[in-house]
Amino acid sequence: MKHKVLAAAVFAAVGIQAIPSYAQSSVTIYGLIDTGYVLETGGLAGKVSKLTSGISGGSRIGFKGTEDLGGGMSAVFLLEAGFNNDTGGVGQVSASNPTPLFGRQSYVGLNGGFGSVLVGRQYTPQYLVMAAIDPFGTGYAGDAANLMPNTGNAASRMDNTVKYLTPNFSGFTGEFAYGFGETAGSTKTASQIGAALGYANGPLTLKLGFHSRNNDTATAQNSSARNTLFGGMYDFGVAKLHAMYGIDKGVNSSPLRNAGTVVGTSTVGLYGVPLTPSTDSTDLLVGVTVPFGAVHNVMASYIHKNDKTSRNQDADQYAVGYRYSLSKRTDLYAAYAHIRNKNGANYTVGSSIEAGSGSSAWNLGMRHTF
């Protein structure tokens, strides 16, 4: 009953007509609150020490629901808003979307024996592959996205998207997504296509993801960005091994997480081309998670960025983390990562929702889910 009242109050506050009472029983409210201390070093401007939100995963509140339509079919929806609980501000703010309401995800669709068809703002299939295989779950200082690209036009997400998810066929799953560019006079301009295949059976998980982003604008034609990512995990019980290999081609295929911050003191600007993201690279990740009992978990990974352009701006990331479970819903954590940039590369150590300001970072925080 409390969930029903809270959901009605939130929808009313944002000007959305409340769902009729007979449908409220299908709505679930969930969320995550993450806050911690971050120390960033290695930036040209010096150390940064701060209390921040969303280190392990972006703080959020979400509403998801389903309605039985009969015949094995149901209507589904998800609305997920991000926030920064260190300030109370709204998350996912960008130049293209300065006042997001449900900036993390926002979709509605149909589910049945045919699979699921979802329309709205959603994660790219390629990003979901990376998030599933990364030992850090694309969070903490060890976030794989520090070196490996977040695809999409909105930090791992696609706007204006139609996505199809297949049923599970003996462990095999797939998804396909198309994002409308919504550019007058051209269906191709600014459009996106994503796809993924997966297989899970016992201790083995394999995933393959692809994303293509058209970089054209209404006034110019540019090369598209293409990202392919293959990953796998094997759980030996005493430890789980992780591995990923990515291929990134074209403009925007491997953007810098923080193009406005310079790391290092002497190599930036080599060849007269400072802060230039790679347009032709490969990525390799190997990692491990090791549980100790029911409450301790250690994470570690190594990532190599191989820049194949003439600048040869390679980078290596080393990361280690520890998570202690106070309960099923509350964790304490610590993490550290360092990036070794080469030949003027400018990759920074961030976390789940922050780009970072230096080549190293420490995290110490708390995460609670509900």
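This is a predicted model: local features need pLDDT of at least 70, side-chain atom pairs count only at pLDDT 80 or more; totals for chains, interfaces and linings use all residues.
Local features are described where pLDDT is at least 70 and side-chain atom pairs where pLDDT is 80 or more, whereas totals for chains, interfaces and linings use all residues. Residues are numbered from 1 along each chain as its sequence is written, and side-chain values use heavy atoms, with hydrogens and water left out.

A nonpolar core is here a set of buried Ala, Val, Leu, Ile, Met, Phe, Trp, Tyr and Cys residues joined through side-chain atoms within 4.5 Å; buried means under 20% relative accessible area, exposed over 50%, and partly exposed in between, with a 1.4 Å probe and protein chains only. The largest such core holds 32 residues, and those that touch the most other members are Met 130, Ala 144, Met 148, Met 244 and Tyr 347. At least two residues of this core come from each of helix H2 (125-133) and the strands E12 (225-235), E15 (296-307), E16 (315-325) and E17 (330-341). Helices (H or I, at least four residues) and strands (E, at least two) are DSSP runs numbered from the N terminus. Another core lies apart from this one; it has seven residues, among them Val 27, Ile 29, Leu 79 and Phe 102.

Contact means heavy atoms within 4.5 Å. With residues up to four places away in sequence not counted, Tyr 347 touches Asn 146, Leu 147, Ser 254, Leu 256, Val 263, Ser 278, Lys 305, Gln 313, Ala 315, Ile 339, Asn 341 and Gly 358.

Aromatic side chains provide another view. Rings of Phe, Tyr and Trp (its six-membered ring) pair if their centres lie within 6.5 Å; planes under 30 degrees apart count as stacked, over 60 as edge-to-face and the rest as tilted. The structure contains eight aromatic pairs. One of them is the stacked pair of Tyr 123 and Tyr 127, at 5.3 Å centre to centre with 25° between the planes. Both Tyr 123 and Tyr 127 are buried. Tyr 140 and Tyr 333 form an edge-to-face pair, at 5.1 Å centre to centre with 80° between the planes. This pair links distant parts of the chain, 193 residues apart: Tyr 140 is in the loop between H2 and strand E8 (157-165), and Tyr 333 is in strand E17. Tyr 140 and Tyr 333 are both buried, and together with Phe 136 they form one aromatic cluster.

Empty space is considered next. Rolling a probe the size of a water molecule over the atoms shows where such space is left. On a 1 Å grid over the protein atoms alone, a cavity is a set of points where a 1.4 Å probe fits but cannot get out, and a pocket is an open set with protein on both sides within 12 Å along at least five of seven lines; lining residues have an atom within 4 Å of a point. Grid points are joined across faces, edges and corners, and a volume is the space filled by probe spheres set on the points. There are two cavities of 30 Å³ or more.

Arg 104 lies in the loop between strand E5 (89-90) and strand E6 (105-112), and it counts as buried because its relative accessibility is 5%. Its contacts beyond four places in sequence include Glu 80, Arg 121, Tyr 123 and Arg 157. Lys 50, in strand E2 (residues 48-53), is partly exposed, with a relative accessible area of 24%. The C-alpha atoms of Lys 50 and Tyr 37 are separated by 5.9 Å, although the two residues are 13 residues apart along the chain. Ser 224 is found in the loop between strand E11 (204-213) and E12, and its C-alpha atom is 5.6 Å from that of Arg 213, 11 residues apart in sequence.
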